[in-house]
Amino acid sequence: MKAAVYDQNGAPEVLRYTDVPDPEIGAGDVLIRVEAISIEGGDVINRRSSRPEHPAYVVGYAAAGTVMAIGSDVTDRRVGDRVTSWGLRGSHAQLRVVPAHQTWLLPSDVSVAAAATIPIGFGTAHHCLFARGRLSSGSTVLIQGAAGGVGVAAVQLAHQAGATVIAVASGADRATRLVGLGASSVIDPGTEAVVDVAHNLTDGRGADLVIDPVGSTLASSLAVLGDEGTLVSVGNAGGAPLMVDLWQAVQRNQSVLGVFMGTVLQRPAVRQTVDAMLADLSQGRLTVPIDRQFPLAQAAAAHRYVEDNKILGRVLLIP
(Lines give C-alpha, C1' and ligand atoms only; values in the text may rest on other atoms or scores of the structure.)
Protein backbone atom coordinates (compact mmCIF):
# COMPACT_ATOMS: atom_id res chain seq x y z
CA MET A 1 0.00 0.00 0.00
CA LYS A 2 0.95 3.66 -0.29
CA ALA A 3 1.46 5.75 2.83
CA ALA A 4 2.92 9.04 4.01
CA VAL A 5 5.84 8.12 6.27
CA TYR A 6 8.81 9.66 7.99
CA ASP A 7 12.12 8.33 9.27
CA GLN A 8 12.93 11.15 11.67
CA ASN A 9 10.89 13.88 13.30
CA GLY A 10 11.02 17.39 11.95
CA ALA A 11 9.41 19.85 9.56
CA PRO A 12 6.58 18.76 7.24
CA GLU A 13 9.12 17.98 4.55
CA VAL A 14 10.29 14.87 6.46
CA LEU A 15 7.09 13.21 5.20
CA ARG A 16 7.48 11.10 2.06
CA TYR A 17 4.93 9.17 0.03
CA THR A 18 6.04 5.60 -0.59
CA ASP A 19 5.14 1.92 -0.62
CA VAL A 20 5.00 0.11 2.72
CA PRO A 21 3.76 -3.39 3.65
CA ASP A 22 0.03 -3.82 4.16
CA PRO A 23 -0.87 -3.86 7.89
CA GLU A 24 -1.55 -7.25 9.46
CA ILE A 25 -4.97 -7.90 10.97
CA GLY A 26 -5.39 -9.47 14.41
CA ALA A 27 -8.29 -11.41 15.90
CA GLY A 28 -9.99 -8.33 17.33
CA ASP A 29 -9.16 -5.96 14.47
CA VAL A 30 -10.73 -4.59 11.33
CA LEU A 31 -8.95 -3.69 8.11
CA ILE A 32 -10.15 -0.38 6.69
CA ARG A 33 -9.74 0.95 3.17
CA VAL A 34 -9.07 4.56 4.08
CA GLU A 35 -11.08 7.15 2.16
CA ALA A 36 -10.57 10.29 4.24
CA ILE A 37 -7.92 11.28 6.81
CA SER A 38 -8.37 14.16 9.23
CA ILE A 39 -5.06 15.85 10.06
CA GLU A 40 -5.24 16.32 13.82
CA GLY A 41 -3.15 18.59 16.01
CA GLY A 42 -1.50 15.56 17.56
CA ASP A 43 -0.41 14.36 14.11
CA VAL A 44 1.45 17.61 13.52
CA ILE A 45 3.00 17.63 17.00
CA ASN A 46 4.11 14.00 16.77
CA ARG A 47 5.67 14.47 13.34
CA ARG A 48 7.47 17.58 14.51
CA SER A 49 8.54 16.55 18.00
CA SER A 50 8.47 12.76 18.52
CA ARG A 51 11.15 10.44 17.24
CA PRO A 52 9.43 7.67 15.21
CA GLU A 53 9.41 4.15 16.64
CA HIS A 54 10.94 2.79 13.43
CA PRO A 55 11.84 3.93 9.89
CA ALA A 56 8.96 4.50 7.48
CA TYR A 57 6.66 5.34 10.39
CA VAL A 58 3.01 6.08 9.52
CA VAL A 59 1.67 8.88 11.65
CA GLY A 60 -1.96 9.78 12.23
CA TYR A 61 -4.93 9.48 14.60
CA ALA A 62 -8.15 9.80 12.58
CA ALA A 63 -9.41 8.18 9.38
CA ALA A 64 -12.69 6.95 7.90
CA GLY A 65 -13.46 4.45 5.18
CA THR A 66 -14.84 0.99 4.41
CA VAL A 67 -14.18 -2.27 6.26
CA MET A 68 -12.34 -4.70 3.98
CA ALA A 69 -11.75 -7.58 6.42
CA ILE A 70 -12.48 -8.49 10.04
CA GLY A 71 -10.58 -10.52 12.62
CA SER A 72 -11.80 -13.90 13.82
CA ASP A 73 -13.13 -12.51 17.13
CA VAL A 74 -15.02 -9.55 15.66
CA THR A 75 -18.81 -9.91 15.78
CA ASP A 76 -20.13 -6.36 15.50
CA ARG A 77 -18.55 -5.29 12.21
CA ARG A 78 -19.01 -6.62 8.68
CA VAL A 79 -17.11 -6.33 5.43
CA GLY A 80 -18.55 -3.33 3.61
CA ASP A 81 -19.40 -1.33 6.75
CA ARG A 82 -18.56 2.35 6.52
CA VAL A 83 -16.73 3.41 9.67
CA THR A 84 -14.72 6.19 11.23
CA SER A 85 -11.76 5.25 13.40
CA TRP A 86 -9.07 6.42 15.73
CA GLY A 87 -5.67 5.09 16.73
CA LEU A 88 -2.40 6.46 18.01
CA ARG A 89 -0.76 5.91 14.60
CA GLY A 90 -1.39 4.71 11.08
CA SER A 91 -4.03 7.01 9.58
CA HIS A 92 -1.85 8.47 6.80
CA ALA A 93 -2.16 5.41 4.56
CA GLN A 94 -4.39 3.65 2.03
CA LEU A 95 -5.11 0.84 4.50
CA ARG A 96 -5.45 0.86 8.27
CA VAL A 97 -5.85 -1.81 10.93
CA VAL A 98 -7.37 -0.89 14.29
CA PRO A 99 -9.25 -2.81 17.00
CA ALA A 100 -12.94 -3.02 16.14
CA HIS A 101 -13.84 -1.09 19.31
CA GLN A 102 -11.91 1.89 17.94
CA THR A 103 -14.39 2.29 15.09
CA TRP A 104 -17.90 3.73 14.78
CA LEU A 105 -20.52 2.85 12.17
CA LEU A 106 -21.60 5.75 9.98
CA PRO A 107 -25.20 6.78 9.35
CA SER A 108 -26.00 6.26 5.69
CA ASP A 109 -26.10 9.97 4.87
CA VAL A 110 -22.87 10.98 6.65
CA SER A 111 -19.84 11.39 4.39
CA VAL A 112 -16.53 9.75 5.24
CA ALA A 113 -14.90 13.19 4.96
CA ALA A 114 -17.04 14.67 7.73
CA ALA A 115 -16.98 11.48 9.79
CA ALA A 116 -13.17 11.37 9.87
CA THR A 117 -13.16 14.50 12.03
CA ILE A 118 -15.69 13.39 14.64
CA PRO A 119 -13.95 10.99 17.09
CA ILE A 120 -10.94 13.20 17.83
CA GLY A 121 -12.13 16.77 17.27
CA PHE A 122 -15.72 16.51 18.42
CA GLY A 123 -15.08 13.68 20.90
CA THR A 124 -12.38 15.75 22.56
CA ALA A 125 -14.53 18.87 22.70
CA HIS A 126 -17.46 16.99 24.22
CA HIS A 127 -15.28 15.34 26.87
CA CYS A 128 -13.66 18.66 27.81
CA LEU A 129 -16.94 20.53 28.04
CA PHE A 130 -19.13 18.02 29.82
CA ALA A 131 -17.23 15.10 31.38
CA ARG A 132 -14.43 17.33 32.71
CA GLY A 133 -15.76 20.88 32.55
CA ARG A 134 -19.29 20.07 33.79
CA LEU A 135 -20.70 22.75 31.53
CA SER A 136 -24.32 23.66 32.20
CA SER A 137 -26.88 25.92 30.58
CA GLY A 138 -26.38 29.55 31.48
CA SER A 139 -22.63 29.21 32.03
CA THR A 140 -20.02 31.23 30.19
CA VAL A 141 -17.26 29.32 28.41
CA LEU A 142 -14.20 30.81 26.72
CA ILE A 143 -12.59 28.68 24.01
CA GLN A 144 -8.99 29.31 23.04
CA GLY A 145 -7.95 28.35 19.50
CA ALA A 146 -11.62 28.37 18.53
CA ALA A 147 -10.93 28.04 14.80
CA GLY A 148 -9.19 24.68 15.19
CA GLY A 149 -10.87 21.30 15.02
CA VAL A 150 -11.50 21.01 18.76
CA GLY A 151 -12.43 24.69 19.00
CA VAL A 152 -15.00 24.59 16.20
CA ALA A 153 -16.61 21.55 17.79
CA ALA A 154 -16.58 23.11 21.27
CA VAL A 155 -18.24 26.30 20.03
CA GLN A 156 -21.16 24.34 18.57
CA LEU A 157 -21.58 21.91 21.46
CA ALA A 158 -21.40 24.62 24.12
CA HIS A 159 -23.90 26.82 22.26
CA GLN A 160 -26.32 23.91 21.89
CA ALA A 161 -26.03 23.27 25.64
CA GLY A 162 -27.25 26.79 26.38
CA ALA A 163 -23.91 28.35 27.31
CA THR A 164 -22.64 31.80 26.40
CA VAL A 165 -19.62 31.15 24.15
CA ILE A 166 -16.65 33.49 23.91
CA ALA A 167 -14.34 32.35 21.12
CA VAL A 168 -10.70 33.38 20.69
CA ALA A 169 -9.55 33.38 17.06
CA SER A 170 -7.81 35.79 14.72
CA GLY A 171 -9.23 37.24 11.51
CA ALA A 172 -12.54 38.87 10.64
CA ASP A 173 -13.67 36.07 8.33
CA ARG A 174 -13.09 33.40 10.94
CA ALA A 175 -14.86 35.53 13.54
CA THR A 176 -17.93 35.78 11.31
CA ARG A 177 -17.99 32.05 10.72
CA LEU A 178 -17.60 31.28 14.43
CA VAL A 179 -20.54 33.53 15.27
CA GLY A 180 -22.51 31.54 12.71
CA LEU A 181 -21.57 28.35 14.57
CA GLY A 182 -22.76 29.67 17.93
CA ALA A 183 -20.17 32.04 19.41
CA SER A 184 -21.68 35.04 21.21
CA SER A 185 -18.44 37.01 20.91
CA VAL A 186 -15.08 36.51 19.22
CA ILE A 187 -11.86 38.02 20.55
CA ASP A 188 -9.03 38.54 18.06
CA PRO A 189 -5.76 37.92 19.95
CA GLY A 190 -3.80 39.69 17.22
CA THR A 191 -5.54 43.01 17.73
CA GLU A 192 -7.19 42.79 21.16
CA ALA A 193 -6.11 42.10 24.73
CA VAL A 194 -7.84 38.79 25.39
CA VAL A 195 -7.93 39.12 29.17
CA ASP A 196 -9.26 42.68 29.18
CA VAL A 197 -11.95 42.00 26.57
CA ALA A 198 -13.04 38.78 28.26
CA HIS A 199 -13.45 40.56 31.59
CA ASN A 200 -15.47 43.31 29.90
CA LEU A 201 -17.71 40.73 28.23
CA THR A 202 -18.38 39.03 31.58
CA ASP A 203 -18.83 42.24 33.61
CA GLY A 204 -15.62 41.47 35.46
CA ARG A 205 -16.66 38.00 36.66
CA GLY A 206 -14.57 35.98 34.25
CA ALA A 207 -15.57 32.78 32.49
CA ASP A 208 -17.00 29.78 34.35
CA LEU A 209 -15.07 27.41 32.08
CA VAL A 210 -12.10 27.77 29.74
CA ILE A 211 -11.14 25.16 27.13
CA ASP A 212 -7.50 25.51 26.07
CA PRO A 213 -6.23 23.30 23.21
CA VAL A 214 -3.35 25.70 22.50
CA GLY A 215 -1.02 25.38 25.51
CA SER A 216 0.95 28.59 25.15
CA THR A 217 -2.19 30.48 26.21
CA LEU A 218 -2.54 28.83 29.63
CA ALA A 219 -1.54 31.98 31.53
CA SER A 220 -4.21 34.08 29.82
CA SER A 221 -6.71 31.22 30.23
CA LEU A 222 -6.23 31.34 33.99
CA ALA A 223 -6.43 35.12 33.96
CA VAL A 224 -9.85 35.13 32.23
CA LEU A 225 -11.23 32.39 34.49
CA GLY A 226 -13.60 33.43 37.23
CA ASP A 227 -13.40 32.48 40.90
CA GLU A 228 -14.03 28.74 41.39
CA GLY A 229 -13.98 28.31 37.61
CA THR A 230 -12.47 25.39 35.71
CA LEU A 231 -9.70 25.39 33.11
CA VAL A 232 -9.42 22.30 30.90
CA SER A 233 -6.04 21.99 29.19
CA VAL A 234 -6.21 19.65 26.19
CA GLY A 235 -3.35 20.47 23.84
CA ASN A 236 0.03 21.98 23.23
CA ALA A 237 0.15 23.27 19.68
CA GLY A 238 3.56 24.85 20.10
CA GLY A 239 5.19 21.78 21.62
CA ALA A 240 7.11 23.77 24.25
CA PRO A 241 6.92 22.76 27.94
CA LEU A 242 3.73 24.01 29.56
CA MET A 243 4.67 26.44 32.31
CA VAL A 244 2.21 28.44 34.40
CA ASP A 245 2.13 29.93 37.89
CA LEU A 246 -0.73 28.26 39.78
CA TRP A 247 -0.61 30.36 42.93
CA GLN A 248 -3.32 32.74 41.75
CA ALA A 249 -5.47 29.74 40.81
CA VAL A 250 -5.06 28.41 44.35
CA GLN A 251 -6.06 31.75 45.84
CA ARG A 252 -9.15 31.92 43.62
CA ASN A 253 -10.20 28.31 44.20
CA GLN A 254 -9.90 27.51 40.52
CA SER A 255 -9.57 23.99 39.09
CA VAL A 256 -7.06 23.04 36.39
CA LEU A 257 -7.78 19.76 34.62
CA GLY A 258 -6.00 17.89 31.86
CA VAL A 259 -7.45 15.80 29.04
CA PHE A 260 -5.67 13.26 26.83
CA MET A 261 -8.18 11.44 24.66
CA GLY A 262 -5.85 8.57 23.84
CA THR A 263 -6.67 7.02 27.20
CA VAL A 264 -10.42 7.65 27.28
CA LEU A 265 -11.83 7.15 23.77
CA GLN A 266 -12.33 3.45 24.44
CA ARG A 267 -14.60 4.07 27.43
CA PRO A 268 -18.21 3.07 26.72
CA ALA A 269 -19.61 6.46 27.74
CA VAL A 270 -17.21 8.31 25.44
CA ARG A 271 -17.92 5.90 22.58
CA GLN A 272 -21.63 6.58 23.03
CA THR A 273 -21.10 10.33 22.76
CA VAL A 274 -19.31 9.84 19.43
CA ASP A 275 -22.23 7.73 18.16
CA ALA A 276 -24.63 10.46 19.30
CA MET A 277 -22.63 13.17 17.52
CA LEU A 278 -22.55 11.13 14.31
CA ALA A 279 -26.34 10.99 14.58
CA ASP A 280 -26.44 14.76 15.17
CA LEU A 281 -24.26 15.24 12.09
CA SER A 282 -26.72 13.14 10.11
CA GLN A 283 -29.62 15.28 11.34
CA GLY A 284 -27.85 18.54 10.52
CA ARG A 285 -27.41 19.58 14.14
CA LEU A 286 -23.62 19.71 13.82
CA THR A 287 -21.43 21.25 11.13
CA VAL A 288 -17.98 20.02 10.11
CA PRO A 289 -16.06 22.83 8.39
CA ILE A 290 -13.48 21.42 5.97
CA ASP A 291 -10.86 24.02 5.13
CA ARG A 292 -9.11 22.11 2.33
CA GLN A 293 -8.44 18.63 0.96
CA PHE A 294 -5.12 17.30 -0.31
CA PRO A 295 -4.20 14.00 -1.97
CA LEU A 296 -2.36 11.69 0.41
CA ALA A 297 0.62 11.94 -1.94
CA GLN A 298 0.85 15.62 -0.92
CA ALA A 299 0.88 14.95 2.83
CA ALA A 300 3.96 17.11 3.35
CA ALA A 301 2.27 20.06 1.63
CA ALA A 302 -0.89 19.47 3.68
CA HIS A 303 1.04 19.49 6.97
CA ARG A 304 2.84 22.65 5.85
CA TYR A 305 -0.51 24.26 5.00
CA VAL A 306 -1.86 23.39 8.48
CA GLU A 307 1.17 24.93 10.16
CA ASP A 308 1.43 28.07 8.03
CA ASN A 309 -2.17 29.16 7.48
CA LYS A 310 -5.02 30.47 9.59
CA ILE A 311 -7.46 27.69 8.84
CA LEU A 312 -10.92 27.09 10.25
CA GLY A 313 -11.88 23.50 10.90
CA ARG A 314 -9.95 20.56 9.49
CA VAL A 315 -7.63 19.78 6.59
CA LEU A 316 -8.17 16.35 5.02
CA LEU A 317 -5.98 13.92 3.12
CA ILE A 318 -7.62 11.74 0.47
CA PRO A 319 -5.79 8.50 -0.53
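Alanine 56 sits in the loop that runs between helix H1 (41-49) and strand S4 (57-58). The model is a predicted one, and in it this residue has a positive phi of about 55° although it is not a glycine. Alanine 56 is partly exposed, because its relative accessible area of 24% falls between the limits of 20% for buried and 50% for exposed.

A positive phi is also found at aspartate 203, a residue other than glycine, where the angle is near 55°. Aspartate 203 belongs to the loop between helix H6 (194-201) and strand S12 (207-212). Its relative accessible area is 63%, so aspartate 203 counts as exposed.

Valine 244 is partly exposed, with a relative accessible area of 34%. Together with Leu246, Trp247, Val250 and Val256, Val244 makes a nonpolar surface patch of about 450 Å².

Rolling a probe the size of a water molecule over the atoms shows where empty space is left. The largest pocket holds about 1,200 Å³ of space. Its lining comprises 45 residues, and those nearest the centre are Gly41, Gly148, Pro213, Ala237 and Arg314. At least two lining residues come from each of H1, H3, H4, helix H10 (299-308) and strand S16 (314-318). H1 gives the most, with six residues. By class, the lining of the largest pocket has 24 nonpolar, 14 polar and seven charged residues.

The second largest pocket contains about 320 Å³ of space. It is lined by 17 residues, of which Met1, Pro23, Val58, Arg89 and Gly90 are the closest to its centre. S4 and strand S7 (95-99) each contribute at least two residues to this lining, and S7 gives the most, with four. The lining of the second largest pocket divides into 12 nonpolar, three polar and two charged residues.

How many cavities of 30 Å³ or more does the structure hold? There is one, and the largest cavity has about 60 Å³ of space. Its lining is formed by Thr117, Gly121, Phe122, Gly149, Val152, Val288, Pro289, Gly313 and Arg314. Helix H3 (118-132) and helix H4 (149-160) each supply at least two of the residues that line the largest cavity. Four residues of that lining are nonpolar, four are polar and one is charged.

Definitions and conventions. Residues are numbered from 1 along each chain as its sequence is written. This is a predicted model: local features need pLDDT of at least 70, side-chain atom pairs count only at pLDDT 80 or more; totals for chains, interfaces and linings use all residues. Side-chain values use heavy atoms; hydrogens and water are left out. Patches are made of residues with over 30% relative accessible area and no salt bridge: like charges are joined within 9 Å, nonpolar side chains (Val, Leu, Ile, Met, Phe, Trp, Tyr) within 5 Å. Accessible areas come from the Shrake-Rupley method with a 1.4 Å probe; for residues, only the protein chains shown count as cover. A salt bridge is a side-chain nitrogen of Lys or Arg within 4 Å of a carboxyl oxygen of Asp or Glu. Buried means under 20% relative accessible area, exposed over 50%, partly exposed in between (1.4 Å probe, protein chains only). On a 1 Å grid over the protein atoms alone, a cavity is a set of points where a 1.4 Å probe fits but cannot get out, and a pocket is an open set with protein on both sides within 12 Å along at least five of seven lines; lining residues have an atom within 4 Å of a point. Grid points are joined across faces, edges and corners, and a volume is the space filled by probe spheres set on the points. Ala, Val, Leu, Ile, Met, Phe, Trp, Tyr, Cys and Pro count as nonpolar, Asp, Glu, Lys and Arg as charged, and the others, Gly among them, as polar.
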